[in-house]
Amino acid sequence: MQYLSLNRQSPAVDFREAAIRGQAPDKGLYFPESIPLQPRDFIENIEEYSKEEIAFMVIQPYIGTEIPEEKLRQIVSETLQFDFPLVQVTEDMYSLELFHGPTMAFKDVGARFMSRCLGHFIQNKDQELTVLVATSGDTGGAVASGFLGVEGVKVVILYPSGKVSNVQELQLTTLGQNIKALEVNGNFDDCQEMVKKAFADESLNKIMFITSANSINIARWLPQQFYYWFAWKAWPDKKNPPVFCVPSGNFGNICAGLLSYQSGLPANHFIAACNANNTVTDYLINGNYRPKQAVPTISNAMDVGDPSNFVRILELFNHYYPALKEALSGYSITDEQTMQTIFEVFNENNYLLDPHGAVAFQALKEYLGEISSEAGQPFAKGIFLETAHPVKFPETVESIINWKVPVPQPVYDLLLKKKNSIRIEADYSALRDFLLETI
Ligand SMILES: *Cc1c(COP(=O)(O)O)cnc(C)c1O
């Protein structure tokens with residue numbers, strides 16, 4: 001499989017090259033030159049496949065011969081060392097729990113897959129690779145855990161000071177070894193901007209070999225498709241495919257779902273569930289894409305004002321607005337509604353949502369409510385992606401439900417550790433100096 005740059009000024013490259021580079025030299029995002037179709041037999045009989053077999057089927061066409069089959073199967077199985085249960089919450093709404101991995105958020109899958117691919121590609125190479133990543137909360141921990149101890153790779157994580165939860169911060173600042181955390185005096189967009197500048201800095205790139213572990217990297221983005229196929233495997237009503245509702249920030253996860261949809265994944269509709277950061281939801285209403293400053297919310301991993309993966313969604317629909325609107329709707333949920341949702345679902349359905357899952361729950365509920373009132377529509381049911389464990393946001397969740405969330409052992413161990421970060425200003429020259437000094 002070849003990957004083209006969406007800015008179309010750089011040549012197409014293979015999976016290996018695209019995964020190592022992260023971003024194309026023309027600063028475009030890489031995108032597969034064609035979208036593989038999954039065989040009918042696989043789609044109809046998915047229940048007979050294990051999660052490892054499903055993941056292999058889904059990812060193999062994107063990699064071709066770049067990774068030998070046996071190695072790819074090993075990477076897939078190491079990536080998927082935990083479960084992805086589909087849990088019924090209301091009569092028509094199911095939670096796809098993506099928080100059973102080591103950092104209790106869905107980004108574990110992408111980070112684990114990517115780190116193992118890069119580890120494979122740089123074996124026997126003498127140059128070290130530095131992975132640079134900006135995080136609004138969960139990426140940092142997942143990348144840190146995914147790359148910890150991978151030989152030949154150093155990881156530098158930028159996160160906005162005071163804007164990630166305590167657990168999130170500890171997950172990315174306490175590992176040591178090949179992982180460094182930079183605490184930036186700014187917001188997530190500042191962090192992301194600094195990382196982008198580093199990739200664009202030609203003189204820096206001559207000295208060191210840097211790449212990204214943000215969801216723009218295809219090796220992180222593509223494996224997120226697994227969730228949707230796992231959900232389809234578990235879906236109880238195969239004659240009536242689900243609506244997928246995805247809590248969205250940088251739009252990598254939902255874009256992976258839409259990619260699978262084009263490969264033949266059965267789905268009724270997709271919903272982008274956003275918090276007050278409503279750049280895309282506005283676009284879906286009025287057709288104008290106007291990036292905004294990110295505003296802080298209680299679902300902080302989605303505080304993104306100019307989502308990088310959105311260009312990939314446009315590309316998936318050939319920039320044809322009516323087709324995009326047919327497949328995708330957007331909802332923007334306020335913090336008040338999010339808190340109310342956590343409260344209600346806990347009390348009425350005995351299910352504890354985290355703030356991100358709560359945004360998705362509410363968006364799905366609104367959508368199902370709207371379509372059920374339209375005459376002639378079949379009774380639709382949906383899946384919301386529960387992207388983080390509620391214990392990652394104890395301050396928020398516990399004040400709403402007035403009950404202490406039991407702390408799982410890994411979090412308990414984490415809380416005893418001491419944060420180790422390096423503070424820097426939200427200024428590219430500070431990052432550049434740091435990289436040149438320490439690497
Ligand atoms: C990153 C993250 C999101 C947003 O995912 P995108 O792929 O950036 O849209 C949602 N929820 C949680 C918990 C996250 O960590």
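What volume does the largest cavity have?

A: The model is a predicted one, in which local features need pLDDT of at least 70 and side-chain atom pairs count only at pLDDT 80 or more, while totals for chains, interfaces and linings use all residues. Residues are numbered from 1 along each chain as its sequence is written, and side-chain values use heavy atoms, with hydrogens and water left out.

The largest cavity has a volume of about 270 Å³. A cavity is here a set of points, on a 1 Å grid over the protein atoms alone, where a 1.4 Å probe fits but cannot get out, and a lining residue has an atom within 4 Å of a point. Grid points are joined across faces, edges and corners, and a volume is the space filled by probe spheres set on the points. In total, the structure holds three cavities of 30 Å³ or more.

The lining of the largest cavity consists of 26 residues, of which Phe106, Lys107, Gly249, Asn250 and Ala301 are the closest to its centre. Two helices, H6 (138–147) and H12 (252–262), each supply at least two residues of this lining. Helices (H or I, at least four residues) and strands (E, at least two) are DSSP runs, numbered from the N terminus. It is H12 that gives the most to the lining, with three residues. By class, the residues around the largest cavity comprise 10 nonpolar, 13 polar and three charged ones. In this scheme Ala, Val, Leu, Ile, Met, Phe, Trp, Tyr, Cys and Pro count as nonpolar, Asp, Glu, Lys and Arg as charged, and the others, Gly among them, as polar.

The second largest cavity holds about 60 Å³ of space. Its lining is made up of Gln192, Val195, Lys196, Phe199, Asn214, Ile216 and Ser308. Three of these residues are nonpolar, three are polar and one is charged.

Some of these names return in the pockets. A pocket, unlike a cavity, is an open set of points, with protein on both sides within 12 Å along at least five of seven lines. The largest pocket has a volume of about 420 Å³. It is lined by 15 residues, and those closest to its centre are Arg21, Gln23, Pro25, Phe199 and Asn205. Four elements, namely helix H1 (15–21), helix H8 (188–200), helix H9 (202–207) and strand S9 (209–212), each supply at least two residues of the lining of the largest pocket. H9 provides the largest share, three residues. Eight nonpolar, two polar and five charged residues make up this lining.

The second largest pocket has a volume of about 310 Å³. Its lining has 17 residues, with Lys27, Leu29, Lys196, Ser308 and Val311 the closest to its centre. H8 and helix H14 (310–316) each supply at least two residues of the lining of the second largest pocket. The largest share, four residues, comes from H8. By class, the lining divides into nine nonpolar, four polar and four charged residues. H8 accordingly contributes at least two residues to the largest pocket and at least two to the second largest pocket.

The axes of helix H16 (335–349) and helix H17 (355–372) come within 9 Å and cross at roughly 90 degrees. Axes are lines fitted to C-alpha atoms, for helices over the stretch in contact, and angles run from 0 to 180 degrees between N-to-C directions. The angle makes H16 roughly perpendicular to H17, a term that covers 65 to 115 degrees. In the contact (heavy atoms within 4.5 Å), Gln337, Thr338, Thr341, Ile342, Glu344 and Val345 of H16 meet Pro355, Ala358, Val359, Phe361, Gln362, Lys365 and Glu366 of H17. Six nonpolar, four polar and three charged residues take part. The loop between H16 and H17 contains Asn350, a residue other than glycine whose phi is positive, near 60 degrees.

Key:
Angles under 35 degrees count as roughly parallel, over 145 as roughly antiparallel, 65 to 115 as roughly perpendicular and the rest as oblique.
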